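This report describes selected local features of the structure shown below, arranged by element and by residue.

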Amino acid sequence: MSTETLSFQTEAKKLLHLMINSLYSNREVFLRELISNASDAVDKLRFEALENDELLGEDTELGIAIDFDEEAATITVVDNGIGMTREEIIENLGTIAKSGTEEFLNQLTGDQKADATLIGQFGVGFYSTFMVADEVVVLTRRAGTEVGTKWTSTGEEGFTVEDTETSRGTSVTLKLQEEAKEYLSAYRLREIVRRYSDHIACPVTMPSLDKDKQDERDTVNTATALWSRSRSDISDDEYKEFYKHISHDFEDPIAWSHNRVEGRLEYTSLLYIPKRAPFDLYNPEAARGLKLYVQRVFILDDAETFLPIYLRWVKGIVDSNDLPLNVSREMLQEHKTVETIRNALARRVLDRLQKVATDEPEQYGEFWDNFGNVIKEGTVPMNPNRETLIKLLRFTTTQDSVPSGEEHAPQRTSLTDYIERAPDDQEFIYYVIGDNEQSARNSPHLEVFLSQGIEVLVFGDPIDAWMMSHLDEFEGKKFQDITRSSLDLPETKEEEKEVENEEDVDIDEPLLERIKTVLGDVIESVRKSKRLVDSPACLVLGDHDLDLHMRRVLEASGQKVPQSKPTLEINASHSLIEHLAQEQDEARFEDLVHLLHEQAVLADGTYPIEAGTHVKRVNRLLTELLA
């Protein structure tokens, strides 16, 4: 096939430009990324050779070689792994084949420090070479094929590909920029390899430093699977660099858990808790899961079966001695060993999070800001680790203030904290749900709680209503939605409220019936309220009615939901209600009742109102007032 000149995908051009301008201060990671890619290629060949040993041929010693030429100003990284076909190299090096790429690019701000973090989470891999190279040449041939491919690019508009003769695997040669020639040093390159890639399981070699052994090569790294080593022999820096190798994240993880299990099942796991959420955390098509090895042999890159969906952000590896080497994704879903390992790994992650929450609450708070809404997905009753997970939940409450310039108060209160702060006679854990935190904080249902100093959990995220539909109680105290019809306050406070409202007990029952007649089937009933202090009215749901936020979610997804009508509660001590009780003009009375109801609807923020009718009614009353 003749030489082709092709253009980079638009997203690839954008990423290259932003990356080169954002990561200039951390350019040495190019070598880590090339070694990481080469290591993956070696792993994949070893796996494919399990079923077809002819792929190895006579070249059975798999590894990675690094060479440099001071005179030519080049660095070359070579592996004899799986290699690529012409089509694969065009796809892998010419496009960014990640779902959510456009969403990722839209998050970039132009702030170099912030963008560097995002780019690191995206995993730039091969493209990092253009931070140090004026030109990159790739020679590659896939195992089992006869023809190789040469790929050449300066990292600007596009690249060329042509057929060539080359050995199995991939060779990447960088023609270094003038300011990157510091890397043309055996000592500098070895230092980078040991810092970033010492954990690579296959040997990384360089020419010997001994001038009398110039034809020999030294293995620069430990060349032993890091997870197979004893924990006491692994430094924190080695753990951190291994995390960056498997995740392509530029930041250190918050914590990790390294365990070897022996007995009925034998497996090793190394699990990492990232510092920041990936840009595609909520993308259902995003790759997720652990790297799977069987008896040290690489099997799968994203084995999602080993962790529940709410832990999809965890990075790491699992190495089993019990699974067959020819295991597939389909087999994993049915293999009885996998469920046992899955539950154990989930428990380890949650236990590690609990330790972070106990020992480093500030760091756990930052973790929760990034991953809290995903953790909430695990509150479903069938989760075997549900009780442990619930203790990890963090909330905003009415005692928290919103920092200046922020939209939300920090979510730092655990359910244990809430119970410890509550009065001894408080039987419930109270909560309020709004479309967002601000609307929840402005709910009239909170008035009696604020007046009596009773703490309430404040929910403003879309997932909160779903989560609370699965939570019934915690440590013997039931959860209570304060917008529901029945509302139980601590007994002493309730008695005080009854004494305070003693004058209102005899409010005219016909007034309630008169209001109900005006509103008709829009509401279930009208009654006096014990929860209002400053507002004239509010709407409450029946105890068994579907939460309004959940109703909207279900309706938006096309599901039919049972109809329900709220109850209108009125504050008998409010001056508006007193004026309403004395109103004799029937038309005016009806306008006032509708306005009272519409105020309650607006305060609740969940029911629709007819805006045009509402405006006409307000204008009519204002005209009478000003006449």
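## An open five-strand sheet

Five strands make up an open sheet with mixed pairing, in the order β15-β17-β16-β19-β18. At its edges are β15 (396-397) and β18 (473-474), each of which pairs on one side only. Two strands are taken to pair if DSSP finds at least two bridges between them. Helices (H or I, at least four residues) and strands (E, at least two) are DSSP runs, numbered from the N terminus. Within this sheet, strand β16 (residues 428-433) runs parallel to strand β17 (residues 457-459), and three bridges join them. Val432 has Val458 of β17 as its bridge partner.

The model is predicted: local features need pLDDT of at least 70, side-chain atom pairs count only at pLDDT 80 or more, and totals for chains, interfaces and linings use all residues. Residues are numbered from 1 along each chain as its sequence is written, and side-chain values use heavy atoms, with hydrogens and water left out.

## Strand β21 and the cysteines

Strand β21 (residues 537-540) is covered on both faces: Ala537 and Leu539 are buried on one side, and Cys538 and Val540 are buried on the other. Buried means under 20% relative accessible area, exposed over 50%, and partly exposed in between (1.4 Å probe, protein chains only). β21 pairs with strand β22 (residues 567-570) in the antiparallel sense over four bridges, and Thr567 in β22 is the bridge partner of Val540.

Cys538 counts as buried because its relative accessibility is 1%. Cys202 is also counted as buried, at 4%. The structure holds zero disulfides, a disulfide being a pair of cysteine sulfur atoms within 2.5 Å.

Val204 belongs to strand β8 (residues 204-207). Its relative accessible area is 0%, so Val204 is buried. Apart from residues up to four places away in sequence, Val204 touches Ile35, Ile64, Ile66, Val193, Asp218, Thr219, Val220 and Asn221; contact means heavy atoms within 4.5 Å. The C-alpha atoms of Val204 and Ala38 are 9.9 Å apart in space, while the two residues are 166 apart in sequence.

Ser257 is placed in strand β10 (residues 255-261) and counts as buried because its relative accessibility is 11%. The side chains of Ser257 and Asn259 make a polar contact at 2.8 Å. A polar contact is a pair of N or O atoms within 3.5 Å; within protein, one must be able to donate a hydrogen and the other to accept it, and residues adjacent in sequence count only if both atoms are side-chain atoms. Beyond its neighbours within four places in sequence, Ser257 is in contact with Ser269, Leu270, Leu271 and Arg348.

Glu88 lies in helix α3 (residues 86-94) and counts as partly exposed because its relative accessibility is 25%. The side chain of Glu88 reaches the backbone nitrogen of Thr85 at 2.9 Å. With neighbours within four places in sequence set aside, Glu88 is in contact with Gly83 and Arg142. Glu88 and Arg142 are 54 residues apart in sequence, and their C-alpha atoms are 9.3 Å apart.

Helix α20 (residues 586-604) contains 19 residues and reaches 27 Å from its first C-alpha to its last, close to the 27 Å expected at 1.5 Å a residue. The expected span is 1.5 Å times one less than the number of residues in the helix. At the start of α20, a side-chain oxygen of Asp585 comes to within 3.0 Å of the backbone nitrogen of Ala587. The buried residues of α20 include Phe589, Val593, Leu596 and Ala600. An α-helix has 3.6 residues a turn, so residues three or four places apart point the same way.
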